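Subject: A structure for you to look through

Dear colleague,

I am passing on a structure for you to look through, and my notes on it follow below. Please keep the picture open while you read, so that each residue can be found as it comes up.

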Amino acid sequence: MKAEKIRGIDVADLTRQVQDAHEQLFRIRFQMGMGQSEGLKKYRALRKDRARMLTVLKEKGVTVVAPAATPAKGLAVRKPVAKKKRGLRGLFGRKK
């Protein structure tokens with residue numbers, strides 16, 4: 001989509017399109033990770049279109065916050081594991 005065409009769209013529709021593009025990017029990225037989709041060109045084009053939309057919104061003085069990634073219900077959230085202290089030998093390797 002051209003920037004001139006994007007500038008003609010009103011703010012409410014543009015924010016909705018940015019959110020839709022964000023969701024589509026997530027789906028395409030997930031499919032590519034699973035090896036189901038070979039849509040790299042589509043992914044890149046969608047990313048550029050989304051960037052153009054965000055640029056136009058910024059020019060108009062509107063800030064858009066991308067929806068936060070939340071884990072799905074029923075999935076366990078992994079807690080961070082504390083690193084084990086290894087001392088000086090762990091830093092410099094073992095003596096032989």
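Tyr43 counts as buried because its relative accessibility is 14%, where buried means under 20% relative accessible area, exposed means over 50%, and partly exposed lies in between, with a 1.4 Å probe and protein chains only. Leaving aside residues up to four places away in sequence, Tyr43 touches Leu25, Ile28, Arg29 and Met32, a contact being heavy atoms within 4.5 Å. Tyr43 and Ala21 are 22 residues apart in sequence, and their C-alpha atoms are 10.0 Å apart in space.

Before going further, please note that this is a predicted model, in which local features need pLDDT of at least 70 and side-chain atom pairs count only at pLDDT 80 or more, while totals for chains, interfaces and linings use all residues. Residues are numbered from 1 along each chain as its sequence is written, and side-chain values use heavy atoms, with hydrogens and water left out.

The chain as a whole

The secondary structure consists of four helices and zero strands, which gives the pattern α-α-α-α when read along the sequence. The chain has 96 residues, of which 17% count as buried.

Helix H2 covers residues 11-34, and its 24 residues reach 35 Å from the first C-alpha to the last, close to the expected 34 Å, a value found as 1.5 Å times one less than the number of residues. Which residues of H2 are buried? They are Leu14, Val18, Ala21, Leu25 and Ile28, and these buried residues pack against helix H1 (3-7) and helix H3 (40-59). Just after H2, Gly35 takes a positive phi of about 80°.

The largest nonpolar core has 12 residues in all, namely Ile6, Ile9, Leu14, Val18, Ala21, Leu25, Ile28, Tyr43, Leu46, Met53, Val56 and Leu57. H2 and H3 are the elements that give two or more residues to this core. By a nonpolar core I mean a set of buried Ala, Val, Leu, Ile, Met, Phe, Trp, Tyr and Cys residues joined through side-chain atoms within 4.5 Å. In soluble globular proteins, nonpolar side chains tend to be buried together. Val18, not counting residues up to four places away in sequence, touches Arg50, Met53, Leu54, Leu57 and Val64.

Asp49 has its place in helix H3 and counts as buried because its relative accessibility is 17%. With residues up to four places away in sequence again left out, Asp49 touches Met1 and Ile6.

Salt bridges

How many salt bridges does the structure hold? There are four, each being a side-chain nitrogen of Lys or Arg within 4 Å of a carboxyl oxygen of Asp or Glu. One of them joins the side chains of Glu4 and Arg7 at 3.4 Å, N to O; the two residues are about one helical turn apart, because they lie three residues apart in helix H1. Glu4 is exposed, with a relative accessible area of 62%, whereas Arg7 is partly exposed at 37%.

Arg7 also meets Glu59 in a salt bridge at 3.3 Å, N to O. This pair links distant parts of the chain, since Arg7 is in helix H1 and Glu59 in helix H3, 52 residues apart.

In helix H2, Asp20 and Arg16 are four residues apart, and therefore separated by about one helical turn. Their salt bridge has its closest N and O atoms 3.4 Å apart.

With kind regards
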